[in-house]
Every structure is written in C-alpha cells, then in structure tokens.
Amino acid sequence: MVRHVLYVDDEPALCKAFERALRGIDLKIVTTTNAKEAVALLQTDSFDVVASDYRMPEIDGLGVLKAARDHAPGASRILVSGGTDADADEAAAIEAVVDEMVPKPWSLDDLRRV
C-alpha cells in the first residue's frame, strides 16, 4: 500500500532532502515550500501523513497541522522543529495537533521511524 505524504518546509533544499531520504519506501511524497499551498492541497487531496516545519512565513507549522486535523483528520501529523524550540513544544502540546515531533536537523532514522 502506497502512503501519501505531504511535507511542508520553506527551504527548498530541505524539501528535496526529505524526498531523497524516503525514496524507495512505499510513499508518494508531495512537497511544497508554501504553507498556503499546503493548506489548499489538504482541501483537495488525500494524505496519510502531513509533516511540516514549525517556523515559516505567513502560516507556521502548527497552522498547517491544524488544517490537516480539519481536512485530513485520519492523517498522522508531524512537526519538524529546531531541537531547542521550546515554543514549538509548548504550542504543540496546548493545541494537541501534533502526533510526533522530529528535531531539526533530522536524521534518516528519525524520518523512517515516524
């Protein structure tokens, strides 16, 4: 079974790295560097996993994951955040929109685990 994954990060190089890291696994990966585009994709496409960087312009990662909760309630939601980003940890706990957190810089093991 192929799982559909949406990865959102405002850094294009990290989107490409995410795709490369998970290539060969039964995943169809869609990436975007624009959080507004990600929210639009959530309204039209079906995803099993939504992973988002925390700090982005316009809409942060929690905003993207809130949209995922509303438009893809069965999807696993992953917040990718700087390892010392206490704001992300606290906000994620309060909002209860995150199933997993992956620290930046992420490792192949971290990504494959989640």
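pLDDT is the predictor's confidence in each residue, on a scale from 0 to 100. The structure is a predicted model, and its chain averages a pLDDT of 88, with 88% of the residues scoring at least 70. Where pLDDT is low, the predicted coordinates should not be read in detail.

**The sheet**

- Five strands form an open sheet in the order E2-E1-E3-E4-E5, and their pairing is parallel.
- Strand E2 (27-32) and strand E5 (100-104) are the edge strands, each of which pairs on one side only.
- On average, neighbouring strands of this sheet are turned by 20 degrees against each other, direction ignored.

**Strand pairs**

- Four bridges join strand E1 (residues 3-8) to strand E3 (residues 49-53) in the parallel sense.
- Tyrosine 7 has alanine 51 of E3 opposite it.
- E3 also pairs with E4, in the parallel sense and over five bridges.
- Serine 52 has leucine 79 in E4 as its bridge partner.
- Strand E4 (residues 76-82) is mostly covered, with five of its seven residues buried.

**Helix H1 on the sheet**

- Helix H1 (residues 12-22) packs on the sheet and touches E1, E2 and E5.
- The direction of H1 makes about 175 degrees with that of E2.

**Helices H2 and H3**

- Helix H2 (residues 35-44) and helix H3 (residues 61-71) have axes that come within 9 Å and cross at roughly 5 degrees.
- Because angles under 35 degrees count as roughly parallel, H2 is roughly parallel to H3.
- On the H2 side, the contact is made by Ala35, Ala38, Val39, Leu42 and Gln43.
- These H2 residues meet Val64, Ala67, Ala68 and His71 in H3.
- By class, the contact of H2 with H3 has seven nonpolar residues, two polar residues and no charged residues.

**Aspartate 26**

- Aspartate 26 lies in the loop between H1 and E2.
- Leaving aside neighbours within four places in sequence, aspartate 26 is in contact with Met1, Val2 and Arg3.
- Between aspartate 26 and histidine 4 there are 8.9 Å in space, C-alpha to C-alpha, although the two are 22 residues apart in sequence.

Key
Residues are numbered from 1 along each chain as its sequence is written. This is a predicted model: local features need pLDDT of at least 70, side-chain atom pairs count only at pLDDT 80 or more; totals for chains, interfaces and linings use all residues. Side-chain values use heavy atoms; hydrogens and water are left out. Two strands pair if DSSP finds at least two bridges between them. Helices (H or I, at least four residues) and strands (E, at least two) are DSSP runs, numbered from the N terminus. Axes are lines fitted to C-alpha atoms, for helices over the stretch in contact, and angles run from 0 to 180 degrees between N-to-C directions. Contact means heavy atoms within 4.5 Å. Angles under 35 degrees count as roughly parallel, over 145 as roughly antiparallel, 65 to 115 as roughly perpendicular and the rest as oblique. Ala, Val, Leu, Ile, Met, Phe, Trp, Tyr, Cys and Pro count as nonpolar, Asp, Glu, Lys and Arg as charged, and the others, Gly among them, as polar. Buried means under 20% relative accessible area, exposed over 50%, partly exposed in between (1.4 Å probe, protein chains only).
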